[in-house]
Amino acid sequence: MAIDTQLFYLLNNLAGQSAFFDELIVFLAAYLPYILIIVFLALVFFSQFQKREKLQVLLVTFGSSTIAYFGITETIRFFYHRPRVFTDLPVTQLLTSNEWSFPSGHATFFFAMATAIYLYNKKWGIGFFIAALGMGVSRVIAGIHYPSDIIGGALIGAAIASAIFYFTRAFRTIEDKI
C-alpha cells in the first residue's frame with residue numbers, strides 16, 4: 001500500500017469516532033476558510049500599515065491566492081483527473097465534492113494566503129499557516145483528499161505567493177528609483 005494511502009487511512013480512521021470531533025473536522029474543513037478571510041481583512045484594516053502598504057498586502061495576498069487557485073490548480077485539474085479518495089477507497093466520509101482531487105484547491109488558496117501574509121508579517125503568517133495546515137489535515141480526515149493533494153496544493157500556493165511577493169517587491173524598488 002502506498003504511503004499516501006497509508007497516511008490517508010491513519011488520518012481518516014480518526015473520523016466517525018466521536019460526533020464532537022466529526023463536527024470539529026467539518027468546521028475546520030468547510031467553514032474555517034470563510035473565517036480566515038474575514039480575520040485577514042480585519043487584521044489588515046486595523047493594522048499599523050500605511051494605506052499603500054495595506055493595499056499592497058491585500059493585492060499580493062488575494063492576487064497570489066487567486067492565481068494559485070484559478071490559474072494553476074484549475075489548469076492542473078483540466079489536464080490531470082485524479083478522482084477523490086472516496087471514489088477509490090472505502091472511507092469514513094464527512095464531506096463530499098465532485099471536483100478532481102489534485103491539487104487541493106483549499107490548500108492551494110490558503111497556503112498562498114498564509115505565505116503572502118507571512119512575508120509581510122511573520123506573527124500573522126504563522127497563525128495563518130497553522131490554520132491552513134489544520135484545514136488541510138481536516139480535509140484528509142473528512143475523507144475528501146489524499147495527503148498528497150494537500151501537500152501539492154500547499155507547495156503550489158507557497159511558490160506562487162513567494163514569486164508574486166518578490167516580483168512586486170522588485171517592481172516597487174524599480175518604481176521608487178524612477
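Visitor: Are α2 and α6 roughly parallel or roughly antiparallel to each other?

Guide: Good place to start! Please keep in mind that this is a predicted model. Two packed helices are described by the angle between their axes and the distance between the axes. Here the axes of helix α2 (residues 19-45) and α6 cross at roughly 155 degrees and come within 9 Å. Angles over 145 degrees count as roughly antiparallel, and α2 and α6 are therefore roughly antiparallel to each other. The crossing of α2 past α6 is left-handed.

Visitor: Which residues of α2 and α6 make that contact?

Guide: On the α2 side you will find F21, I25, L28, A29, L32, P33, L36, V39, F40, L43 and V44. They meet W124, F128, A131, G134, M135, S138, R139 and I141 of α6. Sorted by class, the contact of α2 with α6 has 16 nonpolar, two polar and one charged residues.

Visitor: How do helix α5 and helix α6 cross?

Guide: Look at the angle and the distance again. Helix α5 (residues 105-120) and helix α6 (residues 122-141) have axes that cross at roughly 165 degrees and come within 7 Å. That angle makes α5 roughly antiparallel to α6. Here too the crossing is left-handed, with α5 passing α6. From α5, the contact includes F110, M113, A114 and I117. From α6, it includes W124, F128, F129 and M135. The residues of this contact of α5 with α6 divide into 15 nonpolar, three polar and two charged.

Visitor: What is the angle between α2 and α5?

Guide: It is about 25 degrees, and the axes of α2 and α5 are 12 Å apart. Angles under 35 degrees count as roughly parallel, so α2 and α5 are roughly parallel to each other. α2 passes α5 in a left-handed crossing. A29, P33, L36, I37 and F40 of α2 touch H106, F109, F110, M113 and I117 of α5. The contact of α2 with α5 has nine nonpolar residues, one polar residue and no charged ones.

Visitor: How many residues does the largest nonpolar core have?

Guide: The largest nonpolar core has 36 residues. Those with the most contacts inside this core are L36, F40, L95, F110, M113, I117 and F128. At least two core residues come from each of α1 (3-12), α2, α3 (51-79), α4 (85-88), α5, α6 and α7 (147-177). A second, separate core has 10 residues, among them A112, I156, I160 and I164.

Visitor: What does F128 touch?

Guide: Setting aside residues up to four places away in sequence, F128 touches L36, V39, F40, L43, M113, A114 and I117.

Visitor: Is V44 buried or exposed?

Guide: For this we read relative accessibility, and under 20% counts as buried. V44 lies in helix α2. V44 has 2% relative accessibility, so V44 counts as buried. Beyond residues up to four places away in sequence, V44 touches K54, V57, L58 and W124. V44 and V57 are 13 residues apart along the chain, and their C-alpha atoms are separated by 7.8 Å.

Visitor: Why does D4 count as buried?

Guide: D4 is found in helix α1. D4 counts as buried because its relative accessibility is 16%. Leaving aside neighbours within four places in sequence, D4 is in contact with R82, Y146, P147 and S148.

Visitor: Where do Y120 and F62 lie?

Guide: Y120 lies in helix α5, and F62 has its place in helix α3. With a relative accessible area of 21%, Y120 is partly exposed. F62 is partly exposed as well, at 23%. Apart from neighbours within four places in sequence, Y120 is in contact with F49, Q56, V57, V60, F165 and T168. F62, with such neighbours left aside, is in contact with I37, F40, L41, F109 and M113. The C-alpha atoms of Y120 and F165 are separated by 9.0 Å, although these residues are 45 apart along the chain.

Visitor: Which peptide bond is cis?

Guide: Look at the bond from F102 to P103: this peptide bond is cis, with omega near -15 degrees. You can find P103 in the loop between α4 and α5.

Conventions. Residues are numbered from 1 along each chain as its sequence is written. This is a predicted model: local features need pLDDT of at least 70, side-chain atom pairs count only at pLDDT 80 or more; totals for chains, interfaces and linings use all residues. Side-chain values use heavy atoms; hydrogens and water are left out. Axes are lines fitted to C-alpha atoms, for helices over the stretch in contact, and angles run from 0 to 180 degrees between N-to-C directions. Helices (H or I, at least four residues) and strands (E, at least two) are DSSP runs, numbered from the N terminus. Angles under 35 degrees count as roughly parallel, over 145 as roughly antiparallel, 65 to 115 as roughly perpendicular and the rest as oblique. A crossing is left-handed if the near helix is turned anticlockwise from the far one by less than a right angle, and right-handed if clockwise. Contact means heavy atoms within 4.5 Å. Ala, Val, Leu, Ile, Met, Phe, Trp, Tyr, Cys and Pro count as nonpolar, Asp, Glu, Lys and Arg as charged, and the others, Gly among them, as polar. A nonpolar core is a set of buried Ala, Val, Leu, Ile, Met, Phe, Trp, Tyr and Cys residues joined through side-chain atoms within 4.5 Å. Buried means under 20% relative accessible area, exposed over 50%, partly exposed in between (1.4 Å probe, protein chains only).
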